[in-house]
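The following paragraphs lead the reader through selected features of one structure. Please keep the sequence and the three-dimensional view at hand while reading.

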Amino acid sequence: MQKNYDANDAQPFARLSEGEGAPLYEVVKRHISESILQGELPAGTILPSENSLAAKFGVSVGTVRKALAALTTEGMLMRRRKTGTVVTGWAPLHNLSHFFQYFRLHDKTGGLLQSDTRLLDYQLSHASADEAEKLQIAQGDKVIRLKRVRRVKGIAAMHETLVLPSARLVDFPPADQLPPLLYRYLFERYDLRVAAVREQITATLANEEDAALLELSLPHAVMVIDEVSFDQSALPVILAHHRFSTENFMYVNEIR
């Protein structure tokens, strides 16, 4: 079922500026794709005209046209004669340009799920020897350490620890202002685009923290992902440790 999307009332379509720190068509593209992935633009939604989107974003029609063309190529949108630009509802072609939100939780049928992220802890601390080596900084350098838990439809799915080099993130927001979509924020605020990820995936028995945060009964198996994310300059920008149960969900990271 199709429905028209009112650009005047659309919260995701905020006015942009050159201060976004990236080519404007890429920022427009990411705003629209993020709205689709978050379910704010469901399958069948007819987008406003290019002129309306350009006015809403505060950019040229050519910028909007370039962004829509890229999303159409990637399968998230389709152009229909006499109808306009329509959200397909298909899974996007995950490539490195989507790594601002590359982590994917799926249900057992393979359907893409969206998680709600809650911040459990926020610390400014010092890098350990291992963290410093992986982040290519000096031991003892300041880092931002985040502890978060993700829930899907009220079910605890994953908990994670993220470590970021403080020196590269001047004026990083405090805990009460931290956006849930961290990779998107790094791109838009600091022009740090996650362009590659090195992962190590293992399985282990859940510990007491896993049981508490993921609401598991012991003994129980959990999957563990240790990863380093690199920006467009091949510098490490995020060191992450994820732990999750596969009882209700599965992890899919697809690049093609």
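Strands, like helices, are here taken as DSSP runs, a strand being a run of E with at least two residues, and they are numbered from the N terminus. The model under discussion is a predicted one.

In these terms, Leu 146 belongs to strand β8, which covers residues 142–152. Buried means under 20% relative accessible area; Leu 146 has a relative accessibility of 0% and therefore counts as buried. Beyond its neighbours within four places in sequence, Leu 146 is in contact with residues including Leu 119, Asp 121 and Tyr 122, as well as Leu 162, Leu 164, Leu 178 and Leu 182. Gln 123 lies 23 residues from Leu 146 in sequence, and their C-alpha atoms are 6.6 Å apart.

A hairpin is formed by strands β3 and β4, with 3 residues between the strands. Strand β3 (residues 77–80) and strand β4 (residues 84–87) run antiparallel and are joined by 4 bridges. Arg 79 has Thr 85 of β4 as its bridge partner. Within this hairpin, Lys 82 adopts a positive phi near 70 degrees.

The axes of helix α1 (residues 24–37) and helix α5 (residues 182–190) come within 12 Å and cross at roughly 160 degrees. Angles over 145 degrees count as roughly antiparallel, and α1 and α5 are therefore roughly antiparallel to each other. Their crossing is left-handed. Helix α1 contributes Glu 26, Val 27, Arg 30, His 31 and Glu 34 to the contact, while α5 contributes Arg 184, Phe 187 and Glu 188. By class, the residues of this contact comprise 5 charged, 2 nonpolar and 1 polar.

Note on methods
Residues are numbered from 1 along each chain as its sequence is written. This is a predicted model: local features need pLDDT of at least 70, side-chain atom pairs count only at pLDDT 80 or more; totals for chains, interfaces and linings use all residues. Side-chain values use heavy atoms; hydrogens and water are left out. Axes are lines fitted to C-alpha atoms, for helices over the stretch in contact, and angles run from 0 to 180 degrees between N-to-C directions. Angles under 35 degrees count as roughly parallel, over 145 as roughly antiparallel, 65 to 115 as roughly perpendicular and the rest as oblique. A crossing is left-handed if the near helix is turned anticlockwise from the far one by less than a right angle, and right-handed if clockwise. Contact means heavy atoms within 4.5 Å. Ala, Val, Leu, Ile, Met, Phe, Trp, Tyr, Cys and Pro count as nonpolar, Asp, Glu, Lys and Arg as charged, and the others, Gly among them, as polar. Buried means under 20% relative accessible area, exposed over 50%, partly exposed in between (1.4 Å probe, protein chains only). Two strands pair if DSSP finds at least two bridges between them.
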